[in-house]
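The following note sets out points for discussion on the structure shown below. Each point is meant to be checked against the coordinates.

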Amino acid sequence: MTEGQRARYEELGTNLDVVERRIVDACAAAGRPRGEVTLIVVTKTYPAEDTALLAGLGVTDVAENRDQDAAPKAEQCRNLPLDWHFVGQLQTNKVRSVVRYANHVHSVDRPRLVESLSAAVLKAERPELGCLVQVALDKEHGEGEHRAGVAPEDVAELADAIADTPGLRLDGVMTVAPLAGPLAGDPARAFDRLAEIATAVRAAHPAATMVSAGMSGDLEQAIAAGATHVRVGTAVLGVRSPLR
Ligand SMILES: *Cc1c(COP(=O)(O)O)cnc(C)c1O
């Protein structure tokens with residue numbers, strides 16, 4: 001390691017310790033075992049070198065939101081024991097690339113994407129792809145459309161479609177706390193609403209246990225509401241360039 005790499009390694013390690021402490025405390029406050037929550041580090045906009053350092057620090061799950069950045073990074077990191085999650089808006093023309101490295105896609109938001117993912121998985125002859133329905137809590141009752149995802153009333157249908165489609169496995173639901181609508185600024189209530197939706201999905205699909213919610217600013221509220229996966233970028237890697 002160069003001196004610069006050593007310094008970055010230590011910085012990431014310190015940040016991870018702080019995030020780990022927050023997760024431990026949030027689990028304790030919620031009366032949940034720490035083992036119920038998986039930390040996914042969102043590495044978007046940061047170089048593959050950081051992803052490699054994170055793997056060296058024991059991070060097992062990383063997430064990206066743009067295939068153009070993720071594909072070369074995943075290629076550079078292909079020998080590292082990392083589970084890659086795709087969490088961004090996904091265009092169907094990127095699907096063939098994404099299924100080469102991602103084990104989970106958290107941002108499934110339309111039937112056409114389900115068909116496209118299935119075709120790509122079957123063509124790639126790879127294991128099943130874990131899919132989460134992205135829920136747009138601000139689309140409830142026809143409210144604004146500021147977040148990607150499907151309206152709560154459309155979740156069941158999309159979940160059924162994923163579960164019935166070859167090559168795909170329905171793993172659960174995902175959300176980002178809404179910026180608009182009645183739940184804006186109240187992540188605790190937003191994540192409680194997601195938990196209700198997750199429970200309804202599990203009633204039909206008992207294996208769909210993933211609840212992906214919570215970021216650097218609201219992971220405590222997400223864990224309190226039952227999140228199984230928190231997606232943390234800034235708190236581990238630092239503030240991203242405002243251009244992205
Ligand atoms: C960037 C991003 C995150 C991480 O956000 P931070 O506030 O940096 O922790 C989580 N989820 C999604 C979908 C993201 O795009």
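Does T228 count as buried, partly exposed or exposed, and what is the relative accessibility of T228? The first point takes up this question; the model under discussion is a predicted one.

1. T228 and its surroundings. The relative accessibility of T228 is 15%, so this residue counts as buried. T228 sits in the loop that runs between α8 and β8 (229–232). Its side chain makes a polar contact of 2.7 Å with the side chain of H229. Beyond its neighbours within four places in sequence, T228 is in contact with R32, E36, V37 and T38, and also with T209, M210 and V211.

2. The ligand site. The residues that surround the ligand are V42, K44, V87, M174, M215, S216, R231, V232, G233, T234 and R240. A nitrogen atom of the ligand has a polar side-chain atom of R231 at 2.9 Å. A polar backbone atom of G233 lies 2.8 Å from an oxygen atom of the ligand. For T234, an N or O atom in the side chain is 2.5 Å from an oxygen atom of the ligand. The protein buries 88% of the 390 Å² that the ligand exposes when taken alone.

3. Other charged pairs. Side chains of opposite charge can pair when their charged atoms come close. The side chains of E64 and K73 form a salt bridge at 2.8 Å, N to O, and both of these residues are buried. The side chains of R66 and D69 also form a salt bridge, at 3.0 Å, N to O. In that pair, R66 is partly exposed with a relative accessible area of 36%, and D69 is partly exposed at 22% relative accessibility. A network of salt bridges links R8, E11 and D50.

4. Helix α2. The buried residues of helix α2 (residues 48–56) are A48, D50, T51, L53, L54 and A55. An α-helix has 3.6 residues a turn, so residues three or four places apart point the same way. The cover over the buried residues of α2 includes the helices α1, α3 (67–76) and α9 (234–237), together with the strands β1 (38–42), β2 (61–64) and β3 (83–86). After α2 comes G58, with a positive phi near 95 degrees.

5. Backbone angles to review. Most residues other than glycine have a negative phi, and most peptide bonds are trans. T45 is not a glycine, yet its phi is positive, about 75 degrees. T45 is located in the loop between β1 and α2 and is partly exposed at 28% relative accessibility. E125 likewise has a positive phi, near 50 degrees, in a residue other than glycine. The place of E125 is the loop between α5 (111–124) and β5 (129–135), and at 73% relative accessibility E125 counts as exposed.

6. Cysteines. The structure holds 0 disulfides. C77 is buried at 2% relative accessibility, and C131 is buried with a relative accessible area of 0%.

7. A residue in helix α6. D160 lies in helix α6 (residues 155–163) and is partly exposed, with a relative accessible area of 34%. From C-alpha to C-alpha, D160 and V19 are 35 Å apart in space, and they are separated by 141 residues in sequence.

How values were computed
Residues are numbered from 1 along each chain as its sequence is written. This is a predicted model: local features need pLDDT of at least 70, side-chain atom pairs count only at pLDDT 80 or more; totals for chains, interfaces and linings use all residues. Side-chain values use heavy atoms; hydrogens and water are left out. A salt bridge is a side-chain nitrogen of Lys or Arg within 4 Å of a carboxyl oxygen of Asp or Glu. Buried means under 20% relative accessible area, exposed over 50%, partly exposed in between (1.4 Å probe, protein chains only). A disulfide is a pair of cysteine sulfur atoms within 2.5 Å. A residue is near a molecule or strand if one of its heavy atoms lies within 4 Å of it. A polar contact is a pair of N or O atoms within 3.5 Å; within protein, one must be able to donate a hydrogen and the other to accept it, and residues adjacent in sequence count only if both atoms are side-chain atoms. Accessible areas come from the Shrake-Rupley method with a 1.4 Å probe; for residues, only the protein chains shown count as cover. Helices (H or I, at least four residues) and strands (E, at least two) are DSSP runs, numbered from the N terminus. Contact means heavy atoms within 4.5 Å.
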